[in-house]
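Open the model in your viewer and keep the selection tool ready.

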Amino acid sequence: MAKIAYLGAGNMGQGMILRLLSAGHKVAVYNRSPEKTRPLQERGANFAASPRAAAEDVDAIFSSVSDDQASRLVWTGPEGALSSKLPPQTLVIECSTLSHDWVMELAGIVVSKGLRYIDCPVAGRPDAAASGDLRLFVGAHEADLNAAGPLFQPISKKVFHFGPVGAGTAFKLIYNLMGAIQVAALAEAMVQAEGAGIDLHVAAEAFSNGFTGSPHVIRHSAVMAEGKRGQAVAFSGRGRLKDSLYGVHLAEKLGRQAEIGKAAAHVFEQMVNLGMGAANDSEVIDALRAAVGVGSHSQ
Ligand SMILES: NC(=O)c1ccc[n+]([C@@H]2O[C@H](COP(=O)([O-])OP(=O)(O)OC[C@H]3O[C@@H](n4cnc5c(N)ncnc54)[C@H](OP(=O)(O)O)[C@@H]3O)[C@@H](O)[C@H]2O)c1
């Protein structure tokens, strides 16, 4: 069994750490807010006061943190994991959704230290992380991916290998931009239906049963119609905005059009600017209502 450092015990990290522990791996956990590591310690994880301390004497280091700024800190900050004494070939497995620019910079630093970098953003919500059912979008050398294979078994039933380092993040950003477009388009359509005097439950059922009924539409239309607020956050509006902006930036870097992606980013920006960034992405419907001076139908 492997010795693992895990940086970031947020919604996604919690589930992945528990899966790694259940598979018998030894896991040292660092989280900026130490209290979140308590339930993990009760299940056998070791507490680490810094990323550097977590990374001491391990075979692999995973990270799942919010954004570029957090990733930069946990890897290359003064107490970052890469300042630890790491044996050559240690696997560095970055599972956060980050900008393509930062992933390439980080991978360069990791490789220059004689370590192996696996670009491994994930798809699936916190429930999928907890049940070991994430999809992994990997960019890595084939040999490095094979070396990480046993560590991926407890957390994923499907690994997509898109190519070299950077390809996993590129696909993840393209995939999430498409997801953001679907959620934003649905919110817009629901607000239009509301304006036409249509019952949102009926609209949700019709959208879900028609050609419009993608898993995003099925999931979010029901939540939007229900109108519940303040549910446990699976994926926040702020997270949607972050991923959309990284996705639009990647498209621009590639010289490709992202006009629809920019519109989706704008919708989530409206949500964040209204102070709703920490709420679930479904609540973006309230930002669109506010934009036309219509109140929310909260229950
Ligand atoms: N939620 C989803 O459905 C989902 C799905 C796929 C991928 N993702 C991606 O997975 C990653 C984690 O998402 P999540 O849902 O677990 O987010 P989360 O619950 O908000 O957790 C974020 C984590 O990042 C840490 N963090 C934030 N800023 C930091 C900083 N400046 N320094 C050190 N640590 C910092 C947080 O520490 P504290 O606990 O101290 O705040 C926490 O451990 C993100 O990149 C997200 O885009 C999420």
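**Stop one: the ligand**

Select serine 66: a polar backbone atom of this residue is 3.2 Å from an oxygen atom of the ligand. Keep in mind that this is a predicted model. The protein covers 85% of the 900 Å² of accessible area that the ligand has on its own.

Then pick alanine 234, where a polar backbone atom is 2.7 Å from a nitrogen atom of the ligand.

**Stop two: strand E8**

Select residues 134–139. Is strand E8 enclosed or open? Five of its six residues are buried, so the rest of the structure largely encloses E8. On one pairing, strand E7 (residues 122–123) runs antiparallel to E8, joined by two bridges. Look for valine 122 opposite leucine 136.

Next, show strand E9 (residues 156–163). E9 runs parallel to E8, with six bridges between them. Glycine 139 has glycine 163 as its bridge partner. Follow the chain from E8 through helix H7 (residues 142–152) to E9: this β-α-β crossover is right-handed.

**Stop three: threonine 37**

Go to the loop between strand E2 (26–30) and helix H2 (38–42) and select threonine 37. Its relative accessible area is 1%, so threonine 37 counts as buried. Leaving out residues up to four places away in sequence, threonine 37 touches Val29, Asn31 and Phe47.

Conventions:
Residues numbered from 1 in each chain as written. Predicted model: local features only at pLDDT ≥ 70, side-chain atom pairs only at ≥ 80, totals over all residues. Heavy atoms only, no water. Buried < 20%, exposed > 50% of the residue type's maximum accessible area, 1.4 Å probe, protein only. Helix = DSSP H or I, 4+ residues; strand = E, 2+ residues; numbered from the N terminus. Pairing = 2+ DSSP bridges. Right-handed = clockwise from strand over helix to strand, strands pointing away. Contact = heavy atoms within 4.5 Å. Polar contact = N/O pair within 3.5 Å; in protein donor to acceptor, adjacent residues only side chain to side chain. Areas by Shrake-Rupley, 256 points an atom, 1.4 Å probe, with all protein chains shown as cover.
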